[in-house]
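Welcome to this guided tour! Please open your viewer and get ready to select things as we go.

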Amino acid sequence: MSLDLNLYLPIAGNSVNCLAILGLGGVVGLLSGIFGVGGGFLMTPLLIMLGIPPTVAAASDSNQIVGASTSGTFAHFKLGNVDFKMGMLLLLGGVGGGSLGVQLIKILRQLGNADFLISITYVLMLGFVGGFMFLESLQAMRKPTATKVEEAPKQESRYARAIGALPFQMDFPRSGVQLSVLMPLLLGVLVGVLAAIMGVGGGFIMVPVMVYLLRMPMHVVVGTSLFQILFTCVNVTIMQSWQNHTVDFVLALLLLLGSSIGAQVGTKVGKKLGGEQLKICLASLVLVVMVKMLYDLLARPDVLLAYMGGH
Amino acid sequence: MKTVTFFRLAMAAFCLFVVSAVSVPAHAETDISAIKAAPESIAMGAQYDGIDLTVHGTVPEGSDVVLRFTGPPADMHLREKGKLFGLLWMNVGKVAVKNVPNVCLVDSSRPFDQLGAAVASYRLEGLRDAVEVEKTTELPKIDVAHELILLKEQDGMYHESEGGIVFGKVVDGMQSYTAKLHIPSALSPGKYLVEAAVLRDGIIIGKNTAPVEAALVGFPKWLSSMAFDNSLLYGVLATIIAIFSGLIIGMVFQSKGAH
């Protein structure tokens, strides 16, 4: 019986327990369904812990995210939660930013301090995004609705006036906002650069950007983020298979089976939770990951050598 | 640098000559110390999860045995970790090491401290002499060979245990032995070797080897050849199947939700 649960993966070059992979996929899928993040920042380290080489873990995870985000986008599309116009603009910027980030990393590696920059960017970004979202949501949840409504226009006006002055204004009916076309494009570039430097899909930076800088409603943010992640990961999967032979398709399918089910459940859970609750949960998750990374930086590792390829 | 290489080659040739010259009496030893590994070929199919390799052999009565399972040595590139600004642990440099076997499993018939110095080269720490640390721009600040062994032990690719070799009956002054070596599931396909050293009173009196080959079979073999020989098609197919699976699962849940 225990023999049947093990499966040998030739690309990863190791055998895995099917149940462990399915369960891992399920948990990460649940999170991605609720928050609209790809979950790559969680899945890849856990796969490495199960004995999958870092490069194969990251690439196969992208393959899995293709399926998971298809399923998630589909579910959110049915609920009317995908802003295709905004998604395409962010994607366009993201692709440009991604290429820019890859070049930037190349230059930094030549200068010699790339790893330091990557680690610090990671911790600072996670800490900043997580901390800001957490505090903001906590304040919003504590305050009575009346004071919030009173204060909101005063706070918004300065930022709203600034972005209102930008040229090429466009209406985004699905998100219920009016913005300059430049906004999603430029923010897409920014997220793309950061994602490339940190080596992740960027979902957990993109979501706060859409919520706070593009002023989109949380539920549309999740659907649109998934839609965008789908395209990013199709690109990564094909490139990784072609150039590096690091996509383990069987591993990806197993993860997908778990994560698709998780994502479906997550979408329903996310619908039941309020926007502020969603934000505070995501913020806590991001902060936990940050603390873990900070600990890794400060504690002496057991072994002072590491394989190439991982962060 | 070139003269060093030449010197090494010359040494190797000389050693080979000495071994072949001495191999006649040595052969007499190996003839009386037999060794056999089962299975001789490891089939890595969809169900492969590492196996227990059984090693059988016979040695003269009263001698001890040390077994080692290794593969061909290869070069590795690693990252060295160190402290930055006296506070943050991160990758601070690159280290190239040569002559590192991917796998190394050691077992013995008695605790190593009772076997004497002759077996030191068979132990994991014995790899220290074989492993060459490449001098890159700056010298590594850590004991690379030691850390490398630790890293491989953490992965389960290096393992050392003692007392795992069990002796059997004595027939005509020859004693049989059996040992089980656990082959990790992360073994790469390729050719491997089980080496046995026969000892008496702390001196190696005989050596013997048995070949073991590991190869992909069945579905893993097909998938692997697909991924490496038709990589672009493989990537596109992987993406398409993922999208369709996602859609199908989405629809299944959708119809369930409608009820």
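We will begin with a whole chain, zoom in on a hairpin, and then visit another chain.

Before you click, know that this is a predicted model, where local features need pLDDT of at least 70, side-chain atom pairs count only at pLDDT 80 or more, and totals for chains, interfaces and linings use all residues. Residues are numbered from 1 along each chain as its sequence is written, chains are lettered from A and ligands numbered from 1 in the order in which they are written, and side-chain values use heavy atoms, leaving out hydrogens and water.

**Select chain A.** Here you have 11 helices and 5 strands, which are DSSP runs numbered from the N terminus (helices: H or I, at least four residues; strands: E, at least two). Of the 311 residues in chain A, 53% are buried, meaning under 20% relative accessible area with a 1.4 Å probe, protein chains only.

**Next, select residues 6-9 of chain A.** This is strand S1, and both of its faces are covered. A:Asn6 and A:Tyr8 are buried on one side, and A:Leu7 and A:Leu9 on the other.

Strand S2 runs antiparallel to S1, with 4 bridges joining them; strands pair if DSSP finds at least two bridges between them. Which residue in S2 is the bridge partner of A:Leu9? That partner is A:Asn14. Together S1 and S2 form a hairpin with 4 residues between them. In the turn, click A:Gly13 to find a positive phi of about 70°.

**Finally, select residues 232-253 of chain B.** An unreviewed UniProt entry annotates this span as "transmembrane region"; such annotations may be inferred rather than shown by experiment, and the positions follow the numbering used here, with feature names shortened. In the model, the span is 100% helix and 0% strand, and its end C-alpha atoms lie 32 Å apart.

Technical notes
Buried < 20%, exposed > 50% of the residue type's maximum accessible area, 1.4 Å probe, protein only.
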